[in-house]
Each structure stands twice: as C-alpha cells, then as structure tokens.
Amino acid sequence: MEHLGHTVEDRIILPAAYVVTIAYAEKDASKIKEKLTEIAGMFEGEVLSDRIAEHEWENRFKLMVVKRMGPSLVPAEVIVPLNNLGEVMSEIERKVNQPIVKEGVIIHKGREGKPEAVILGFIPSDQRRFSYNFVFGLVLTIIKIAERHGGRAYSTGLYFTKKAEDVLGSNRLERLKKFKKEVDRKGIFNPKKVLSSGIIGSLMKIVSIFEPLIRPFGNAVITQVGERYKKAIRGIPPDVAWYAYSCSQCGYCVDECDQFYGRGWESQSPRGKWYWLREYMENKVDWDQKMVDTIIACTTCELCNQRCSASLPIEPSWMKLRGKLIHEDGKMTFPPFEMMAAALTKEGNIWAGYRKNRDAWFPEELREKHGPNKKGQ
Ligand code: SF4
Ligand code: SF4
C-alpha cells in the first residue's frame, strides 16, 4: 500500500508472464476453478492468488496505467486472424527487442465471419528523448508482421491513411468518402485523418519500405521501465513532472471534475492541467496568477483519482504544487484568503476583527463574575 495524501494506492507484484483475467458466474466457480488449474498446469501456468485476481478485476478499466512506466508509450495496434495469433506473437518477440505490453481482445466473428484477435501493443518509452522517434519505427515492424499473417493495422489515424482500404474494407471506405463529401465539404472534421491523401500518409508508405533498415535503430534504444523521478524540472517536483508526461490525455477525468464542471474550460480539468505543465516544463509558457489560481482552485474532491485510466495520483499532485507555489515561491492565493492571512497575522482573527475587540462577544452581565479580564485581575 502506498499513501498519497488522502489516497491509498494498493500495489501488487505481477509475475513476468502473460496474465489472463477470467470472469465467470459465482455458481460455476468450483467447476471452473478445478478445470482452470488443470489447464494452466498443462502449459506451465498457474492460477494466481485471489488478491491478485481481485486487484486486476477492480482495476480493469485502468487501461493506461502502463503509461506510468514510460512515462510515454509507443502504441502499435493490429488485428490478426485468431489462428495465426501464436505465429504473430512469436515473430514479434523475435524481431522486436523492446519490452512490449500486449493486451488482446478476441472478436468472435471478425472479417469474413472468422475469429480475429485485436492486439493492443504498447512499448514504454520517453518522448523527451530523441531516441523515442527510433522506437516509433518498430510500429511498422509490428504492422508488417500482422500483414504477413493475414492481419492489418487496427486504425488509420494520421500516419496510416494509405492503409484505409485495408483497415476499413473497400465498401465502407467508399461509403465514408461519400458521406464526408456530403456533410463536410470544407474538410473540417478529422483533418488529415482516415481519408486524407496527405503528405504524412505518403511519407509513411515510403518509410515502411525501409522498415528492415530502421528496425535495428529502434531495437538498439535502451528502454528503462518503471517510474523514475530524477530532478525537479523548472521547479516542478520530480514525481509531478513524471505524472504530467504519464497522462495519456484520455479525458476520463474531465466531466466528473468539480473544478471543470464549475468553470467549463478544459484548462480547469486534470487533463488540461497536465498538458499545461508539460508546456511549462518545455519552456513554452510561464506561471501567471491565472494559472496559479487554476492549480489552487481544485476542491480536493478526489474523483479524478478514481476515474483516471492511468491511476495517477492527481489530487495529491495538485496539493504538492499548491504547497510549492504558495509556501515556497510565495505566490498569491485568492484575494479573500490573502485578506484572512493578513488579518490573522496582524490581529489574530481571520475575519478581520481587531485584537482589542476579541472579547466583545462576552455578555456584559456575566463579565464581572466569569468574563475575561475580570475586574481586579
Ligand atoms: S480533486 Fe480537484 S482536480 Fe480532481 S476532480 Fe476534484 S476538483 Fe477536479
Ligand atoms: S489525468 Fe485524465 S486525461 Fe490524464 S490519463 Fe488520467 S484520466 Fe486520462
């Protein structure tokens, strides 16, 4: 267990192996457990403890928690026919010499009604280093392996627009093109994505030809996995700096945030604040009173900690920053708080009453017998 302000993080150590989480009805538990133990044993596997199982199940929506290891990720997502899954995994392991976190979803009836596996692969990396670009080249390696085994890229995004037909199928692609022409004549939605014939897509097609030459560079990058807080960056505490880069910008935290729904601006949400901190650490912006207010306006409700798909200690990070900004850097809080602090220092009363009137509340008729400063004292 790790205590982070009010938040308690329950950490467990997983074995270095493929971990499968299986959910079933309670009434079938005894039969399934017995069979599972038998099947796992046949493949040198084991059934993990109930504590691990419960932890994995409780955190099943924390999909991006792996990003805290990086603090960035290089994502590689492919779809492959289920009967080729084993070969694809073996070839990836042979050709990609970087740690890859793989998650998979099985589609019962995929393309042409056949079962397929969607593999979400994440290579932990650090976008603050130049070598991050080389690791990106390995995405091409993984896509090529999938294609060689009858699979395809999972989506087109910005980089793989030239694969749109393969990803979407020719029928769907034609329908999408027609629809976009009708409703988005000026090409405002999803610019340069999916249907674009832009320069990035063409460039990626060419780069893909040179994949075998690029691969050794990606494989040569030394990847460290795990949270590594080193030094403060422009005064941002090392752990908070790390979390800023670990945020995947998924947005799960935005709508529920007290501060966000009170103010309505993205900048007031945890996602917006992490983004701003990254810009700050890269010297693109500076503190001003508005931004100090943004950090200290958090209501400390902690809903964001519950929602965060990367399980980031968000509220404790704002608390740490609040302490740094106000106590260490002497920045101003909100005007009413400043008035209260000044009144407290000068008159010993946050409500700005004079020290000499501190006992004015005491009933006159009781003063002689019971009151402060009784006559004669
Ligand atoms: S703790 Fe702060 S940042 Fe998190 S949801 Fe609540 S108001 Fe928003
Ligand atoms: S802080 Fe918000 S946007 Fe960032 S990973 Fe967590 S839930 Fe997603």
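Ala, Val, Leu, Ile, Met, Phe, Trp, Tyr, Cys and Pro are counted here as nonpolar, Asp, Glu, Lys and Arg as charged, and the others, Gly among them, as polar. By this scheme, the shell around ligand 2 holds 11 nonpolar, 4 polar and 2 charged residues. The structure is a predicted model, in which local features need a pLDDT of at least 70, side-chain atom pairs count only at pLDDT 80 or more, and totals for chains, interfaces and linings use all residues. Residues are numbered from 1 along each chain as its sequence is written, while chains are lettered from A and ligands numbered from 1 in the order in which they are written.

Confidence is expressed as pLDDT, the predictor's confidence in each residue, from 0 to 100. The protein chain has an average pLDDT of 91, and 96% of the residues score at least 70. Helices (H or I, at least four residues) and strands (E, at least two) are DSSP runs, numbered from the N terminus. Confidence is lowest in strand β1 (residues 2-4), with a mean of 50, and highest in α11, at 98. Where pLDDT is low, the predicted coordinates should not be read in detail.

The protein chain is divided into domain 1 (2-58), domain 2 (66-220), domain 3 (238-328) and domain 4 (335-370), with bounds that come from an automatic or database domain assignment. A distance of 67 Å separates the C-alpha centres of domain 2 and domain 4.

Helix α1 comprises 14 residues, 29-42. The expected span of a helix is 1.5 Å times one less than its number of residues. For α1 this gives 20 Å, and the end C-alpha atoms are 20 Å apart, which agrees. A residue is buried if 20 or more other C-beta atoms lie within 10 Å of its own, exposed if 12 or fewer, and partly exposed in between, with C-beta atoms placed from the backbone. The number of buried residues in α1 is 0, so the helix lies largely in the open. Just after α1, Glu44 takes a positive phi of about 55 degrees.

Two strands pair if DSSP finds at least two bridges between them. Strands β3 and β5 are joined by 10 bridges, and Val78 stands opposite Ile119 in β5. Between β4 and β5 there are 7 bridges; Val105 has Val118 in β5 as its bridge partner. Strand β3 (residues 72-81) pairs with β6 over 2 bridges, and Ile79 stands opposite Arg152 in β6. In strand β5 (residues 116-125), 8 of the 10 residues are buried, so this strand is largely enclosed by the rest of the structure.

The ligand shells were examined next. A residue is near a molecule or strand if its C-beta atom, placed from the backbone, lies within 6 Å of it. Around ligand 1 there are 13 residues, of which Cys257, Asp258, Cys298, Cys301 and Cys304 come nearest. By class, this shell has 7 nonpolar, 3 polar and 3 charged residues. Helices α10 (258-263), α13 (303-307) and α14 (314-328) each supply at least two residues of the shell around ligand 1. Around ligand 2 there are 17 residues, and Cys247, Cys250, Cys253, Arg271 and Cys308 come nearest. Helix α11 (residues 270-281) gives the largest share of the shell around ligand 2, with 3 residues.

Several backbone features lie in loops. Most residues other than glycine have a negative phi, and most peptide bonds are trans. A cis peptide bond, with omega of about 15 degrees, joins Gly70 and Pro71; Pro71 is in the loop between α2 (50-58) and β3. Gln249, which is not a glycine, has a positive phi of about 60 degrees and is found in the loop between α9 (238-246) and α10. Gln249 is exposed, with 12 other C-beta atoms within 10 Å. Ala352 has a positive phi near 65 degrees and is located in the loop between α15 and α16 (364-370). Ala352 also counts as exposed, with 12 C-beta neighbours inside 10 Å.

Phe334 lies in the loop between α14 and α15 (335-347). Phe334 is partly exposed, with 13 other C-beta atoms within 10 Å. The C-alpha atoms of Phe334 and Asp293 are separated by 7.1 Å, although the two residues are 41 residues apart along the chain.
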